[in-house]
Amino acid sequence: MGKREIRKREQREKKRVAAERVDVLFTLAERVFPYEPELSDRYVEIALAVQRKAKIRIPRKWRRRYCRRCHSFLVPGVNARVRLRSRPYPHVVVKCLKCGHIMRFPYLREKKERNRWKPRRALSGSGPSEGSS
């Protein structure tokens, strides 16, 4: 086994460990938030530092749970306002109540995926539109 393969394996292992740490830190931030919001914000900052150092992506599950400006952990209804808007395109608006930053996330793709897997109704003669005369 050459040096290149060993190096690649080490890099994969580092990224795997970093991803686990990011997940653990966000989970801790979620658990600790009701008691100590400042500590949960610190966990988010550490998770983002680990993510930048390891050059990995934040999992989609956690990507929308922190403010991108002030790096605070967001909990809808407590320190974040979440609204649905349909114009000019369907999107979710998340506003951080700590710094006022507004984030918009389109939800058209999710809606399309959900519609694709929705079971189709059978077009048999048992619909409510038919009369019984």
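A: Helices are DSSP runs of H or I with at least four residues, strands are DSSP runs of E with at least two, and both are numbered from the N terminus. By that rule, Asp-41 lies in helix α2. Before we go on, this is a predicted model, where local features need pLDDT of at least 70, side-chain atom pairs count only at pLDDT 80 or more, and totals for chains, interfaces and linings use all residues. Residues are numbered from 1 along each chain as its sequence is written, and side-chain values use heavy atoms, with hydrogens and water left out.

Q: How many helices and strands does the protein have?
A: There are 4 helices and 3 strands. Reading from the N terminus, their order is α-α-α-β-β-β-α.

Q: Where is confidence lowest, and where is it highest?
A: Look at pLDDT, the predictor's confidence in each residue, which runs from 0 to 100. Where it is low, the predicted coordinates should not be read in detail. Here the protein averages 88, and 86% of the residues score at least 70. Helix α2 (residues 37–54) comes out highest, with a mean of 97, while helix α4 (residues 108–117) is lowest, at 72.

Q: Let's take α2, then. What span is expected for it, and what does it reach?
A: The expected span of a helix is 1.5 Å times one less than its number of residues. With 18 residues, α2 reaches 26 Å from its first C-alpha to its last, close to the expected 26 Å.

Q: Which residues of α2 are buried?
A: First the cut-offs: buried means under 20% relative accessible area, exposed means over 50%, and partly exposed is in between, using a 1.4 Å probe and protein chains only. In α2 the buried ones are Ser-40, Asp-41, Tyr-43, Val-44, Ala-47, Leu-48, Gln-51 and Ala-54. Seen down the helix axis, they fall within an arc of 155° and so line one face of α2; the arc is taken from the directions from the axis to the C-beta atoms. The general idea is that an α-helix has 3.6 residues a turn, so residues three or four places apart point the same way. On the face turned away from the buried side you'll find the exposed residues Glu-38, Arg-52 and Lys-53.

Q: What do the buried residues of α2 pack against?
A: They pack against α1 (3–32). For single residues, we say contact when heavy atoms are within 4.5 Å. Not counting residues up to four places away in sequence, Asp-41 touches His-71, Ser-72, Phe-73 and Lys-98.

Q: Which residues have the most contacts inside the largest nonpolar core?
A: As a rule, in soluble globular proteins, nonpolar side chains tend to be buried together. A nonpolar core is a set of buried Ala, Val, Leu, Ile, Met, Phe, Trp, Tyr and Cys residues joined through side-chain atoms within 4.5 Å. The largest one has 18 residues, and Val-22, Phe-26, Val-44, Ile-58, Tyr-66 and Phe-73 have the most contacts inside it. Apart from it lies another core of 8 residues, including Cys-67, Leu-74, Val-94 and Met-103.

Q: Where is Asn-79 found, and is it buried or exposed?
A: Asn-79 is in the loop between α3 (60–63) and β1 (80–85), and it is buried, at 14% relative accessible area. For its polar contacts, look for N or O atoms paired within 3.5 Å; within protein, one must be able to donate a hydrogen and the other to accept it, and residues adjacent in sequence count only if both atoms are side-chain atoms. A polar side-chain atom of Asn-79 lies 2.8 Å from the backbone oxygen of Phe-73, and the side chain also reaches the backbone nitrogen of Val-75 at 2.8 Å.

Q: Which residue just after α2 takes a positive phi?
A: That's Lys-55, with phi of about 55° although it is not a glycine. Lys-55 counts as exposed, at 68% relative accessibility. His-71 has a positive phi too, of about 60°, and sits in the loop between α3 and β1. At 27% relative accessibility, His-71 is partly exposed.

Q: Which residues does a cis peptide bond join?
A: Arg-87 and Pro-88, with omega about 0°. Pro-88 is in the loop between β1 and β2 (91–96).
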